[in-house]
Amino acid sequence: MKWLFSLVFVMSLLSPNAHAQPPGLEDVKIGDKWLLGRVEWLWLPVLGDNVKARIDSGAKTSSMSATDIEEFRKDGKRWIRFSFNHKNHLERLEAPLSRYVRIRQANSKKLDRRPVILLPVQLGGMEKEVEFTLKDRTRMIYPVLLGREFMARDVLIDPARLYIQPVREK
C-alpha cells in the first residue's frame, strides 16, 4: 500500500495540470533528484533577490544577462564588472573572472567570446556555485538560463510545469 501512495504522489508531481507550487509545499524531489519546471525562481545572493531562470537542457553552460562588461584587476587577479539590467533590476556587479569561452549561436557561424564568472545561487533547497557566461539578455524574457552543467546529475525537468520549487523569501 505504501508503494501505491508513493506512485500516486509521484504521478501527481508529473501531472501537466499542476503548473505552480502550492503554498506551503516543501522542496520537491523524486528520490535524490530535484524536480524543476521549465522556469524557476533563482535566488542570487549577489543581487539579494530572486530572478526568473529558464531551465535549458540544450545549453551546456548557464548564462546571465550582462551589459557594460569590463575586465579589471583586483588584488592582482582578473575580475569582471558588469551591469545586471533586467526589468526590476539595475545593479552594477563584480565577480572574479573564471575564464573566457567561445560560443557559437545556433543561428550564426560566428564564435562569440564571453567571460565566465562563478556565483553562488539557491533554487529551492539546492545551493550551488554556478559558472555563468555573461551576455546581453535584456531583450529576452528570462535574465538567466540554467544549463546542463548546473543540472549535473541531480536534476529532473518537467517541461510541462513552471515554478515547482519554492521561492526564497527576501
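In what order do the elements of the protein chain run from the N terminus on? The order is α-β-β-β-β-β-β-β-β-β-β-β-α-β. That comes to 2 helices and 12 strands. Both kinds of element are DSSP runs numbered from the N terminus: helices are H or I with at least four residues, strands are E with at least two.

This is a predicted model, in which local features need pLDDT of at least 70, side-chain atom pairs count only at pLDDT 80 or more, and totals for chains, interfaces and linings use all residues. Residues are numbered from 1 along each chain as its sequence is written, and side-chain values use heavy atoms, with hydrogens and water left out.

Start with the chain as a whole. It has 170 residues, and 41% of them are buried. Buried means under 20% relative accessible area, exposed means over 50%, and partly exposed lies in between (1.4 Å probe, protein chains only). Among contacts with a separation of 6 or more, 56% join residues 24 or more positions apart. A contact here means heavy atoms within 4.5 Å.

Next comes the interior. In soluble globular proteins, nonpolar side chains tend to be buried together. The largest nonpolar core holds 29 residues. Such a core is a set of buried Ala, Val, Leu, Ile, Met, Phe, Trp, Tyr and Cys residues joined through side-chain atoms within 4.5 Å. L42, M64, F82, F132, L146 and F150 touch the most other members. Leaving aside residues up to four places away in sequence, F150 touches L36, S62, V121, L123, M126, K128 and V130.

Now the charged pairs. Side chains of opposite charge can pair when their charged atoms come close. The whole structure contains 10 salt bridges, each a side-chain nitrogen of Lys or Arg within 4 Å of a carboxyl oxygen of Asp or Glu. D112 takes part in two of the pairings described here. Its closest approach to R114 is 3.1 Å, N to O. With K135, the closest N and O atoms are 3.4 Å apart. D112 lies in strand β9 (residues 111-123) and K135 in strand β10, so this pair ties together parts that are 23 residues apart in sequence. R114 is buried, at 6% relative accessible area. D112 is partly exposed at 24%, and K135 is partly exposed at 32%.

Elsewhere, R78 and E71 meet in a salt bridge at 3.5 Å, N to O. R78 is partly exposed at 37%, and E71 is partly exposed at 38%. E70, K74, R81, R92 and E94 are linked in a network of salt bridges.

R114 is among the residues nearest the pocket centre, with D56, Q105, R137 and L145. On a 1 Å grid over the protein atoms alone, a pocket is an open set of points where a 1.4 Å probe fits, with protein on both sides within 12 Å along at least five of seven lines; lining residues have an atom within 4 Å of a point. The space amounts to about 420 Å³. Volume is the space filled by probe spheres set on the points, which are joined across faces, edges and corners. The lining has 20 residues: 7 nonpolar, 5 polar and 8 charged.

Strand β4 (residues 49-55) gives the most, with 4 residues.

Note on methods: Ala, Val, Leu, Ile, Met, Phe, Trp, Tyr, Cys and Pro count as nonpolar, Asp, Glu, Lys and Arg as charged, and the others, Gly among them, as polar.
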